Amino acid sequence: MKIALENGSEMKKAQFELQQSELNYKKTKADLLLSPSILSELSNETSLLVAQRNYEITRSNQIQVVEEAYYNILKLQRSVVLAQENINRSQKQLENVKAKYSLGMVAQIDVISAEYELSNAQSNLINAESNLQIAKMNLNQLLGRDLNTPVELASELVFNPSSIDLKQSIEYALENRLEIKKAEDEVVLKTKEVQVNTNDYTPVLNQQLSQVGLKISTINLEDIKNSIQIELKQNYESLKTAERAVPLQDKSLSRANEYLKIAEARYDAGVITSIELIDARNDAFQAENAYLQSVFDYNVAKSKFYNSLGMSLEERM
């Protein structure tokens, strides 16, 4: 995250845009020395403040994007390991089936099925490795590095449930979300405009326009507050849904592995065919990937929830 905030192309663009706004602010301020205007001065101040808020919003969003990209690599690294393990199992199965076929114990369809499963497992590994390579390139881009820079992550994708109080979270978001601060800045500007225009020298129409502008900005502020509360509630429910899914997928994985042990024992005893054993192994492989995906989904949901709080990286750490 820190690397991306310092060197990422998105943050560099945001910094240049902020620098551009600062220069425009200085230019306008200098121009106002020749043609003073209270409202123009207020507008100039607000424009700079909006640019600063936009920069901070970009910074916050970039943190979440990098975090998700990081988790994606962790998931795909594990997917590669699972795919390789599946190949190893498929190879042993093929060797076993061929040995039994040479003794006349199984039909040729069993050999063909085992060969197909090995080819399918090898294809899954190739896909997983390709996806991992692309994910690493994506992270490098976010970090502002050469796309082919080696990426070695120090973490593992784990499931650590969080204790979150929704009411406190909403209160925190209403105090810290930058979108609310932007809308509040607009209300302050419109309030000052009304104050400046409320005099006997300003046309009535201009006074009415400034008053309507204040009402619009006030309604917009309330809408943003409500939208943020809805967003936070949605992200909270998504987080809780993802949190509940992980133990369920864990149980599903345990069940699939147990079925596989039974299938292997029954196959060795000659009770089931190799095709049935292959099906049991595929179910176990799919259950492993489903569990991995659920852990990834939970971590991403948690990242999105914290981002919707408006919490800074320093506070997150």
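User: Before anything else, what makes a contact a salt bridge?

Analyst: A salt bridge is a side-chain nitrogen of Lys or Arg within 4 Å of a carboxyl oxygen of Asp or Glu. The structure holds 11 salt bridges. Do keep in mind that this is a predicted model, where local features need pLDDT of at least 70, side-chain atom pairs count only at pLDDT 80 or more, and totals for chains, interfaces and linings use all residues. Residues are numbered from 1 along each chain as its sequence is written, and side-chain values use heavy atoms, with hydrogens and water left out.

User: Why are Lys13 and Glu10 said to be separated by about one helical turn?

Analyst: Because they are 3 residues apart in helix H2, residues 9–34. Helices here are DSSP runs (H or I, at least four residues; strands are E, at least two), numbered from the N terminus. The side chains of Lys13 and Glu10 meet in a salt bridge with 3.2 Å from N to O.

User: How do you know whether Lys240 and Glu243 are buried or exposed?

Analyst: Buried means under 20% relative accessible area, exposed over 50%, and partly exposed in between (1.4 Å probe, protein chains only). Lys240 has 16%, so it counts as buried, and Glu243, with 18%, is buried too. Their salt bridge has its closest N and O atoms 3.6 Å apart. Both sit in helix H7 (residues 204–268), 3 residues apart.

User: What makes the pair of Arg281 and Glu264 a link between distant parts of the chain?

Analyst: Arg281 is in helix H8 and Glu264 in helix H7, 17 residues apart. Their side chains meet in a salt bridge at 3.4 Å, N to O. Arg281 is buried because its relative accessible area is 15%, while Glu264, at 26%, is partly exposed.

User: Why is the pair of Tyr70 and Tyr71 called edge-to-face?

Analyst: Rings of Phe, Tyr and Trp (its six-membered ring) pair if their centres lie within 6.5 Å; planes under 30 degrees apart count as stacked, over 60 as edge-to-face and the rest as tilted. The structure holds 4 aromatic pairs. For Tyr70 and Tyr71 the centres are 6.5 Å apart and the planes stand at 80°, so the pair is edge-to-face. Tyr70 counts as partly exposed because its relative accessibility is 23%; Tyr71, at 15%, counts as buried.

User: And what are the values for Phe305 and Tyr306?

Analyst: Their ring centres are 6.0 Å apart and their planes are at 70°, so this pair is edge-to-face. Phe305 is buried, with a relative accessible area of 1%. Together with Tyr236, Phe305 and Tyr306 form one aromatic cluster.

User: How do you know that Lys75 lies over the face of Phe296?

Analyst: A charge sits over a ring if NZ of Lys or CZ of Arg is within 6 Å of the ring centre and within 35 degrees of the ring normal. Lys75 is placed over the face of Phe296, at 4.3 Å from the ring centre.

User: How does the chain's radius of gyration stand against a compact globule?

Analyst: The radius of gyration is taken over C-alpha atoms, and the globule rule is 2.2 Å times the number of residues to the power 0.38. A compact globule of 317 residues would have a value near 20 Å, but the chain has 30 Å. The C-alpha trace spans about 105 × 40 × 35 Å along its principal axes. The chain has 9 helices and 0 strands.
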